[in-house]
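Subject: Structure handover and findings

Hello,

Here is the structure I promised to pass on. Please open it alongside this message; my notes follow below.

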Amino acid sequence: MPADDPRIRRTRARLRSAVLELAGARDPDSITVAEIAQLAGVNRATVYVHYRDRDDLVLDAMETAVAELAADAARCPYREPGPVPASLIALFEHIGERAGLYRRMLGPYGSARFRARLHEALAAGLGDPFAAGSRPPGHDDVPPEIHAHHVAGALVGIATYWLGEHPPRPAADIAAAAWSLVR
C-alpha cells in the first residue's frame with residue numbers, strides 16, 4: 001500500500017499515539033511492542049509492518065510531536081500586536097495534553113537529545129518566518145537565526161518550568177506569559 005493511503009496514516013497515527021501515551025507514564029526503554037500494539041488496537045505484526053522496531057516507532061512518534069510544536073510556533077504572528085495567538089496556545093495545549101511525556105523528556109533526568117532536537121526544530125521553524133521579517137519590532141540588529149534560537153530556547157525553558165508547576169496553570173495562561181516575554 002502507498003504511504004499516503006488513509007489506512008496507513010491512521011494506523012501509524014494510532015501507533016504513535018499509543019507509544020507517546022506509554023512513554024508519558026514510564027521510561028520508553030521499558031515499553032514493549034506488544035503493549036504498544038494492544039493500546040493501539042492492532043496486532044503485534046502490524047507494528048512491524050510499519051516500523052523496524054520499537055525504537056523506530058518511538059523516534060517517529062517523537063519527531064512527529066516535535067514537528068507539531070515547531071509548526072505551532074512558526075504560525076505565531078510575532079510582528080502583529082494583539083492577543084495571544086491561537087497557535088501559541090495550541091503549542092502549550094499540545095504539551096499539556098502530553099505532560100507526562102514532556103515532563104519525562106525535559107525534566108532533570110530527561111533526554112538531552114530530545115531537548116536539543118526540540119530546540120533545533122523550534123529554531124528551524126521560526127527561522128524562515130523571522131528571515132522574512134515576521135519578528136517582533138525592534139530586533140533588526142539581531143540576525144534572524146540568532147533571534148530564532150533565542151525564542152526557541154525561551155519556549156523550551158518556559159515549557160520546562162510550566163511542566164514542573166504543581167498544579168500547572170492553564171495552557172492559555174502560560175501561553176500569555178510566553179507571548180508577553182517573546183514580544
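How are α1 and α4 oriented to each other: roughly parallel or roughly perpendicular? Keep in mind that this is a predicted model. Helix α1 covers residues 6-25 and helix α4 covers residues 54-74. They pack at an angle of about 95°. An angle of 65 to 115 degrees counts as roughly perpendicular, so α1 and α4 are roughly perpendicular to each other. Their axes are 9 Å apart.

From α1, the contact uses R12, L15, R16, V19 and L20. From α4, L57, V58, D60, A61, M62, T64 and A65 take part. By class, this contact of α1 with α4 has eight nonpolar residues, one polar residue and three charged residues.

Salt bridges

The structure has eleven salt bridges. In one of them, the side chains of R16 and D60 meet at 3.2 Å, N to O. R16 sits in helix α1 and D60 in helix α4, so this pair ties together parts that are 44 residues apart in sequence. R16 is buried, at a relative accessible area of 18%.

R52 pairs with D56, and their closest N and O atoms are 3.8 Å apart. Is R52 buried or exposed? R52 counts as exposed, with a relative accessibility of 67%. D56 counts as buried, at 18%. The other bridge joins the side chains of D55 and R54, at 2.8 Å, N to O. D55 is partly exposed, with a relative accessible area of 45%. R54 counts as buried, at 17% relative accessibility. Salt bridges with shared partners also link R12, R16 and D60 into one network.

Nonpolar core

Which residues touch the most other members of the largest nonpolar core? They are Y78, F92, I95 and L122, in a core of 56 residues. The elements giving two or more residues to this core are α1, α2 (33-40), α4, α5 (86-97), α6 (99-106), α7 (112-131), α8 (144-164) and α9 (171-182). In soluble globular proteins, nonpolar side chains tend to be buried together.

Take F92 as an example. Residues up to four places away in sequence aside, F92 touches L155, I158, A159, W162, A171, I174, A175 and A178.

L69 is found in helix α4. L69 counts as buried, at 2% relative accessibility. Which residues does L69 contact, leaving aside its neighbours within four places in sequence? The partners are L91, H94, I95, Y102, L118 and L122. L69 and L91 are 22 residues apart along the chain, yet their C-alpha atoms are separated by 5.5 Å.

A71 is also in helix α4. A71 counts as partly exposed, at 29% relative accessibility. How far apart in space are A71 and A121, C-alpha to C-alpha? The distance is 9.0 Å, and the two residues are 50 apart in sequence.

If you look at one place to begin with, take R16 and D60. The pair belongs to the contact of α1 with α4, and its side chains meet in a salt bridge.

Best wishes

Key: Residues numbered from 1 in each chain as written. Predicted model: local features only at pLDDT ≥ 70, side-chain atom pairs only at ≥ 80, totals over all residues. Heavy atoms only, no water. Axes fitted to C-alpha atoms, helices over the stretch in contact; angles between N-to-C directions. Helix = DSSP H or I, 4+ residues; strand = E, 2+ residues; numbered from the N terminus. Parallel < 35°, antiparallel > 145°, perpendicular 65-115°, else oblique. Contact = heavy atoms within 4.5 Å. Nonpolar A, V, L, I, M, F, W, Y, C, P; charged D, E, K, R; others polar. Salt bridge = Lys/Arg side-chain N within 4 Å of Asp/Glu carboxyl O. Buried < 20%, exposed > 50% of the residue type's maximum accessible area, 1.4 Å probe, protein only. Core = buried A, V, L, I, M, F, W, Y, C linked by side-chain atoms within 4.5 Å.
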